[in-house]
Amino acid sequence: MVPSLDTSVCQVQTKRFNEEAGKISQDVVILTVSRDLPFAQSRWCGAEGVENVVCASDYKHRSFGQAFGVDWEDAGLLCRAMFVVDRDGNSDPLFITILVW
């Protein structure tokens, strides 16, 4: 999860995951979720050559952030976080960094 692909830290993180995703098994899916609009995510991925990471938007319903406990309500964004989710949908948070303005 990232707050927005329009910030430099989120861009660096997603590009790095894209690079690493090209080196691992095709059975592994790396997903970046933000509250950016889907067309903005698609535009950014195309411009940056991000092809190995799937970007998903929690913009419309905001249910993903709430379900995973990473809803940064005051900012209207997602907190930066990383989860490992197995094929059965079980997840383990690796870390969560909450950013406060």
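Trainee: How many nonpolar, polar and charged residues are in the lining of the largest pocket?
Mentor: By class, 15 are nonpolar, 2 polar and 3 charged. Ala, Val, Leu, Ile, Met, Phe, Trp, Tyr, Cys and Pro count as nonpolar, Asp, Glu, Lys and Arg as charged, and the others, Gly among them, as polar. Keep in mind that this is a predicted model: local features need pLDDT of at least 70, side-chain atom pairs pLDDT 80 or more, while totals for chains, interfaces and linings use all residues. Numbering runs from 1 along each chain as its sequence is written, and side-chain values use heavy atoms, without hydrogens and water.

Trainee: Which residues lie nearest the centre of that largest pocket?
Mentor: Val29, Ile30, Leu31, Phe83 and Val85, out of 20 lining residues.

Trainee: And which element gives the most to the lining?
Mentor: β5, with 5 residues. α1 (8-21), β1 (30-34) and α3 (63-68) are also among those supplying at least two each.

Trainee: Switching to α1. Which of its residues are buried?
Mentor: Cys10, Gln13, Thr14, Asn18 and Ala21. Buried means under 20% relative accessible area, exposed over 50%, partly exposed in between (1.4 Å probe, protein chains only). Seen down the axis of α1, the buried residues fall within an arc of 135°, so they line one face. That arc is taken from the directions from the helix axis to the C-beta atoms.

Trainee: What's exposed on the other side of α1?
Mentor: Ser8, Val9, Val12 and Arg16.

Trainee: What covers the buried residues of α1?
Mentor: The cover includes β1, α2 (38-48), β2 (53-57) and β5.

Key: On a 1 Å grid over the protein atoms alone, a cavity is a set of points where a 1.4 Å probe fits but cannot get out, and a pocket is an open set with protein on both sides within 12 Å along at least five of seven lines; lining residues have an atom within 4 Å of a point. Helices (H or I, at least four residues) and strands (E, at least two) are DSSP runs, numbered from the N terminus. Contact means heavy atoms within 4.5 Å.
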